[in-house]
Amino acid sequence: MALVICRRFPGSFCGTPSRPALIKKLPGQTCKDCVLIAKKISAQTRMAATLKLKPLGHQAFYSPFVCNTTQSMACRHVGSSTRHWGQDPAGGSPCHPAKKVKNICSTSSSQGILATSNALRGLEFSKGSASKASTLQPGSSRTRRADEEDVEAFDSLECPRVFLQLRPEYQLHSYNRCETRQPLSVAEGELILHKVTVYQNDLQPQIIVEYFCKLSSLPVEQHPVLLSSSSFALLCQLSIKNIKLFDTPDLINILRAFVNLGISHSHSMLGVYETRFCHQVWEMSLDQLLLVADLWRYLGRKVPRFLKIFFSYLNLHWKELSLSQLIHLIYIIGESRQVPPDLMQKLESLILKYIDLINLEEIGAICLGFFKSSSSLSEFVMRKFGDLVCTDMHHLSSHALVNILKMFRFTHVDHVNFMKQFGEVAPQRIPSLGVQGVMHLTLACSALRILDEGVMNAVAASLPPRVAHCRSKDVAKILWSFGTLNYKPPNTEEFYSSLINEIHRKMPEFKQYPEHLLTCLLGLAFSEYFPVEFIDFALSPGFVRLAQESSKFELTKELCTLDGTVGIECPHYKGHRLSSHLQQEACEMLWNLARKDMNSKPEFLETLSLLETMLGGPQYVKHHMILPHTRSSDLEVQLDVNMKPLPFNREAIPTEDGAKLRLKHVGVSLTDDLLNQLLNGKARGHFQRQVESETGQQHIELEKKAAIPLGDTLCNGTDKSGTMERAGLYPQACMQAPQVKLAIQLTNKNQFCYGTRNLLGLHNMKRRQLVQLGYRVVELSHWEWLPLLKRTRLEKLAFLHEKVFTSAI
């Protein structure tokens, strides 16, 4: 019986008191490293996933080759059944509101926590997830013992490979570290090394291969001793000398021995072996090629030359791939992160060929391979995958479920039934998922705009007790997801306090990955949290320079969004701000993108044209970015005290008209009499009633009235052109200050949570800031405006008239 202590660390958020330690008993665990292998049955095969628990406080390093013999693997069968979700106790006292914070906790950090964070940085999903990673046939018995598992432990090498245990065919072209080998005693190993030294000049190639294979069967604790011995180094030199004499099976056996012994992936002789395998590609079978690629993967060595030739071979022989070879190949492609796009298209056609034979775990492996190689799957394939998973999602491992969600996120395919079932399954699994798995689930929901309160609440309840296991990326993506979905869970203050405190503890890591800090702060800003200490740091010249120079991402837009938001929503903020040069550069970049995007949309162009017609000309409407940092543009209209449009858009006046204006009106003074004459002149007509029927007379009258500038008050004998000339020359005298400023927004479905009318975080924040600046937001919603575009011009003008002038009242 062991105790795992999860405690709140020093430092509070906006007055939140420190919390007492929370102690959770995990039966069956020890404080030392241990190995848990879960075997399950799918069809007629067994699957073993070896997961190694790592103690906190040490750098995460996994090597399957260097370990004590007392830790040797003992495969045991663990069935599983659906685990009932039990929420971990939150404990502690209630948190206080944390909006618009002026100071966030102490500047001190806990070295112990950073060490813990570093130790767990490589973990992705729960051991519990991986231990149930096979797809069982319907009706098979399943029992889980997740209470004995460390949910934060994840073997990033073994867990994604569990599908290889689902079919016997995989054994022909994959490496299995659990395979039994004839053990070799230490004395026998010493004898072999002695023979290498004595008979080095007389060793035949077959003997060299035999020695490698036998030495790889030494007890694991002897491997470091062997690898550091001069006799073994001599044997490696002899293998390099005779490498051209080895046939393909010999080369494969030597490479397998290297994997068994845990040869370092950076060992210089491996480059020689890669070159030799490159020469052998066209002489090898598909099984041999896949096995070699799998061995290189297990060694952790990137072999781009070998894979490039391998993929060239596959371009000619891809139709020969069996189902198991296809799935394994996709896994290898994902782990190598390299593949010709045309090959992936061919593999997708094979997926369709075998679609009815692929099991659920293999669907997860396919999705992960395509996702890691940044290769897209067609909407048809993704919907087919979604349909297959929906037939038995409860028997799908959490690891595979996360991988499938990654691909739905990547392809942006909205499979409603899949997400509905996901919402039923996920809350019970989240407590048994590692924080990285939780992050991926949450991020998928935000990317797909799916707001499932059950899932989000389970995430929010699960994270605070184990937030120390989060990497900087996990904190960033989770905050971004909640902010994007514009959702605050029931334990909002505890949830945000724990994550913001974690930002403080992980500042060294955030400095290494500046994009993650900006993601955190933007996600918090969407939710109206403004940790001033972090904002001041993020907008400092040093961090801005770091973000622009060291990050692989273009972060100017993120910096601009954060800076503009702080300028509006934190009026008392006195910290760093972006330089005017960088602000201008970002605004120009964002405006060019927004203008190009909107001008490519026919519905927007028609909206702009109709508004200009209705109000009297382009000078009454301005298409621009009222808030450039929000990355989208609006149509602005200004109304005077009489709710009549003002011709405020000077950019709509042609240059030649401006020249005529200066010549025509030079020396003319604007007197009080002239001003009264302008303000009290003949008022032009505007819409007085709603359209009730579509008679011919009403069409004519409405078109005539729509062509007359609303609110265009002129002196007798003065035309509209003259009015605008005066407005351009004397803007302050001829125009009243606007009484109402309207920001007209043409929305689309991507600005809302899926299937709802709830704005996403960025767009909700934009409206919030527009209101703070005195604007009234007029929404031309896609569910109203797009269907209306198919109707008559009269109806569209009437709709816009009502929207503009009703909103102004």
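Which residues have the most contacts inside the largest nonpolar core? They are F306 and I351, in a core of 165 residues.

## What we're looking at

This is a predicted model, where local features need pLDDT of at least 70, side-chain atom pairs count only at pLDDT 80 or more, and totals for chains, interfaces and linings use all residues. Numbering runs from 1 along each chain as its sequence is written, and side-chain values use heavy atoms, with hydrogens and water left out.

The protein has 35 helices and 9 strands (DSSP runs numbered from the N terminus: H or I of at least four residues for helices, E of at least two for strands). Of its 809 residues, 55% count as buried (buried is under 20% relative accessible area, exposed over 50%, partly exposed in between, with a 1.4 Å probe and protein chains only).

## The cores

Back to that core of 165 residues. A nonpolar core here is a set of buried Ala, Val, Leu, Ile, Met, Phe, Trp, Tyr and Cys residues joined through side-chain atoms within 4.5 Å.

As for I351, leaving aside neighbours within four places in sequence, its contacts (heavy atoms within 4.5 Å) are L326, I330, I358, I366, F370, L377, V381 and F385.

## The open sheet

Four strands make an open sheet in the order β6-β7-β8-β9, with mixed pairing (two strands pair if DSSP finds at least two bridges between them). β6 (622–624) and β9 sit at the edges, each pairing on one side only. On average, neighbouring strands are turned by 30 degrees against each other, direction ignored.

Strand β8 (residues 740–746) pairs with β9 in the parallel sense over 6 bridges. Helix α27 (residues 602–615) lies across β6, β7 (634–639), β8 and β9, running at about 15 degrees to β7. Axes are lines fitted to C-alpha atoms, for helices over the stretch in contact, and angles run from 0 to 180 degrees between N-to-C directions.

## A glutamate on the edge strand

E779 lies in strand β9 (residues 775–780). Is E779 buried or exposed? It is buried, with a relative accessible area of 18%.

The side chain of E779 makes a polar contact with that of T747 at 3.4 Å (a pair of N or O atoms within 3.5 Å; within protein, one must be able to donate a hydrogen and the other to accept it, and residues adjacent in sequence count only if both atoms are side-chain atoms). Neighbours within four places in sequence aside, E779 touches Q745, T747, F752, R767 and K803.
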